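Q: Please take a close look at one part of this structure, the pairing of charged side chains. Then describe what surrounds that part, in plain terms.

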Amino acid sequence: MRLLFLRTPGGGLRVGYAVGKRQGRAHVRVRGRRILREAFRRLSPWVVPDVALVLSLRERGLASDARRVFKDMAALFRRRGLLTDAWEAPDDADWNAPIERGA
């Protein structure tokens with residue numbers, strides 16, 4: 001996984017997903033973007049505000065599943081200081097549970 005980010009004071013959270021043409025045919029790239037969106041959707045309640053992100057998968061990530069990408073994404077965001085202090089890694093058993101959105 002690759003991550004580019006820029007802190008944008010007062011700019012809010014912005015996210016982009018990128019999968020290059022060299023990484024596969026259209027259906028492979030679309031699946032890669034779907035995996036990225038799902039992993040980020042589950043992580044988004046704990047991402048710090050006021051940051052612009054561009055997320056991209058490497059070729060090995062395109063063959064992976066959303067659960068594995070989610071774990072890699074959470075570890076990467078934690079290392080870069082992009083998660084709030086309230087972050088607690090969810091159990092695998094809760095993967096199929098619906099995500100609660102904050103009001």
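A: Helices (H or I, at least four residues) and strands (E, at least two) are DSSP runs, and they are numbered from the N terminus. The model is predicted, so local features need pLDDT of at least 70 and side-chain atom pairs count only at pLDDT 80 or more, while totals for chains, interfaces and linings use all residues. Residues are numbered from 1 along each chain as its sequence is written, and side-chain values use heavy atoms, with hydrogens and water left out.

Side chains of opposite charge can pair when their charged atoms come close. A salt bridge here is a side-chain nitrogen of Lys or Arg within 4 Å of a carboxyl oxygen of Asp or Glu. By this rule there are three salt bridges.

Start with Glu38. Its side chain meets that of Arg41 in a salt bridge, with 2.9 Å from N to O. Arg41 and Glu38 are about one helical turn apart, because three residues separate their places in helix H1. Glu38 also forms a salt bridge with Arg42, at 2.8 Å from N to O. Arg42 and Glu38 are four residues apart in helix H1, which again means a separation of about one helical turn.

Glu38 is partly exposed at 24%, and Arg41 is partly exposed at 31%. Arg42 is buried, since its relative accessible area is 9%.

Three strands form an open sheet in the order S1-S3-S2, and their pairing is mixed. Two strands count as paired if DSSP finds at least two bridges between them. Strand S1 (2-7) and strand S2 (14-18) are the edge strands, each pairing on one side only. S1 is joined to strand S3 (residues 51-56) by six bridges, and these two strands run antiparallel. One of the residue pairs places Leu4 with Val54 of S3 as its bridge partner. Helix H1 packs on this sheet, touching S2 and S3, and its direction makes about 150 degrees with that of S2. Contact means heavy atoms within 4.5 Å. Axes are lines fitted to C-alpha atoms, for helices over the stretch in contact, and angles run from 0 to 180 degrees between N-to-C directions.

S2 and S3 run parallel, joined by five bridges. Val15 stands opposite Leu53 in S3. The chain goes from S2 through H1 to S3, and this β-α-β crossover is left-handed. For reference, a crossover is right-handed if, with the strands pointing away from the viewer, the path from the first strand over the helix to the second runs clockwise.

A nonpolar core is a set of buried Ala, Val, Leu, Ile, Met, Phe, Trp, Tyr and Cys residues joined through side-chain atoms within 4.5 Å. The largest such core has 24 residues, and those with the most contacts inside it are Leu43, Val47, Leu53, Met73 and Phe77. H1, S3 and H3 each supply at least two residues of this core. Its largest share, seven residues, comes from H3.

Met73 is in helix H3 and is buried, with a relative accessible area of 0%. Leaving aside residues up to four places away in sequence, Met73 touches Met1, Leu36, Ala39, Phe40, Leu43 and Leu55. Met1 and Met73 are 72 residues apart in sequence, yet their C-alpha atoms are 7.4 Å apart in space.

Ser64 lies in the loop between helix H2 (59-62) and helix H3 (66-79). Ser64 is buried, at 15% relative accessible area. Beyond four places in sequence, Ser64 touches Arg31, Ile35 and Val69.

Key
Buried < 20%, exposed > 50% of the residue type's maximum accessible area, 1.4 Å probe, protein only.
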